[in-house]
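Please follow the chain through its loops, sheets, core and ligand shell, keeping the sequence beside the structure while reading.

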Amino acid sequence: MSVPHFLSVLLATFVISSISSSATISSSKAQTFNIKPESFFNPKLPPRTLSSNKKFEGSSNLVDLRYHMGPVLSSSPIKIYLIWYGRWSAPQQLLIKDFILSISSLAEPSPSVADWWRTVSLYTDQTGANVSKSLFIAGEYSDTAYSHGNQLTRLSIQQVIATAVKSAPLPVDHRNGIYLILTSHDVTVQDFCRAVCGFHYFTFPSMVGYTLPYAWIGNSAKQCPEVCAYPFAVPGYMGGGGPGALKSPNDDVGIDGMISVIAHELAELTTNPLVNAWYAGEDPTAPTEIGDLCEGLYGTGGGGGYIGQVMRDRKGRTFNMNGRRGRRFLVQWVWSPVLKACVGPNALD
Ligand SMILES: *[C@@H]1O[C@H](CO)[C@@H](O)[C@H](O)[C@H]1NC(C)=O
């Protein structure tokens, strides 16, 4: 799951010893590709979350990420079903879909989204099968009528999925399928902005009829960009004196912020789909997963209070990886089971 910045500041300040106590159960046009677009820079911004990486960075022996014998998403390809809840614009949908499709798009210039996913695909199950490198969008459903209202709870999110699969616009795919529920900026969700920016879990047979791995991510643009679209918006208390917010790579703070959270949740959903595979900590109701361990880290030299070295294009927009159709994204790093460290494709060493 993805813990917002301000909560982690509180956690780091007051309860640094129990960082995983939060409650998971676990432009219409593509940018044109510039020839010499980028320069490296280190924005000297604190990471979005101080909790996990603060504690673990440079001390991998403290991280007890272990395999708990459950499945990972190894069957290929992984089929993603998108549920657009609320009102979405076509350019926003296109941007999110471009990110998701970039994961399996091997031809993009390095550092690429596919390079980033390579770390996720290093995770295996007990048969030695790796997380699949191939993902595609197998179906989409738009719930423009807000069928379960504009205030969702963790349970009513499952009802949204149930509505989508029962009225049969989306198939029930419990072999290769994962479901992503994306809520528009005017939808509030239980714990959104206060405890989480996104989470993943699986549906209950009693609610949906099946056990389906899913993740929810909300557009924080209107409700709490400084919490969930950080570092494209920064909290007021950080505004004075220090550097301000970074320019987002696709000029849409809410969606660019969502993309790193989507990435975080996809990495965790595929390596821990039933919350019994890869996580650290003893408590399966509050697992620390491969995205949590690296939250707020986007480049080399990150940690110790900084997000790390990233890149910026000619318009000053920040990114750290390339995707399809010339898109750029700023996505957090993930924990490598091989290097036992946070890793990303833009690493300089
Ligand atoms: C599968 O994971 C193992 C262990 O992390 C790794 O050594 C191997 O290279 C991976 N295979 C593929 C095809 O990614």
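This is a predicted model: local features need pLDDT of at least 70, side-chain atom pairs count only at pLDDT 80 or more; totals for chains, interfaces and linings use all residues.

The phi of Arg-325 is near 55 degrees, a positive value in a residue other than glycine, and with 15 C-beta neighbours inside 10 Å the residue counts as partly exposed. Asp-191, whose place is in the loop between strand S7 (188-189) and S8, also carries a positive phi, in this case near 75 degrees. Asp-191 is partly exposed as well, with 18 other C-beta atoms within 10 Å. Most residues other than glycine have a negative phi, and most peptide bonds are trans.

The bond from Ser-76 to Pro-77 is cis, with omega near -5 degrees, and Pro-77 belongs to the loop between strand S2 (66-67) and S3. The bond from Tyr-230 to Pro-231 is likewise cis, with omega near 10 degrees, and Pro-231 is found in the loop between helix H7 (225-228) and helix H8 (236-239).

Taken as a whole, the protein chain holds 9 helices and 16 strands, and buried residues make up 50% of its 349 residues. Strands of a sheet pair through backbone hydrogen bonds, either parallel or antiparallel.

Another open sheet has 3 strands in the order S1-S11-S12, with antiparallel pairing. Here strand S1 (39-41) and strand S12 (318-319) are the edge strands, each with a single partner strand, so one side of each has no neighbour in the sheet. Strand S11 (residues 310-312) pairs with S12 in the antiparallel sense over 2 bridges, and Met-311 stands opposite Phe-319 in S12.

Which residues of the largest nonpolar core touch the most other members? Of its 93 residues, these are Ile-83, Ile-161 and Ile-181, while helix H9 (residues 253-271) gives the most to this core, with 10 residues. When its neighbours within four places in sequence are left aside, Ile-181 is in contact with Ile-83, Tyr-85, Ile-157, Val-160, Ile-161, Tyr-214 and Trp-216.

Helix H4 (residues 113-120) is mostly covered, with 6 of its 8 residues buried, namely Val-113, Ala-114, Trp-116, Trp-117, Thr-119 and Val-120. What covers these buried residues of H4 includes H3 and H9, together with strand S13 (321-322), strand S14 (328-329), strand S15 (334-336) and strand S16 (341-343).

The last stop is the ligand, and the residues around it are Ser-121, Leu-122, Thr-124, Asn-130, Pro-337 and Val-338. By residue class, this shell divides into 3 nonpolar, 3 polar and no charged residues.

Conventions:
Residues are numbered from 1 along each chain as its sequence is written. A residue is near a molecule or strand if its C-beta atom, placed from the backbone, lies within 6 Å of it. Ala, Val, Leu, Ile, Met, Phe, Trp, Tyr, Cys and Pro count as nonpolar, Asp, Glu, Lys and Arg as charged, and the others, Gly among them, as polar. Two strands pair if DSSP finds at least two bridges between them. Helices (H or I, at least four residues) and strands (E, at least two) are DSSP runs, numbered from the N terminus. A nonpolar core is a set of buried Ala, Val, Leu, Ile, Met, Phe, Trp, Tyr and Cys residues joined through C-beta atoms within 7 Å. A residue is buried if 20 or more other C-beta atoms lie within 10 Å of its own, exposed if 12 or fewer, and partly exposed in between; C-beta atoms are placed from the backbone. Two residues are in contact if their C-beta atoms, placed from the backbone, lie within 7 Å.
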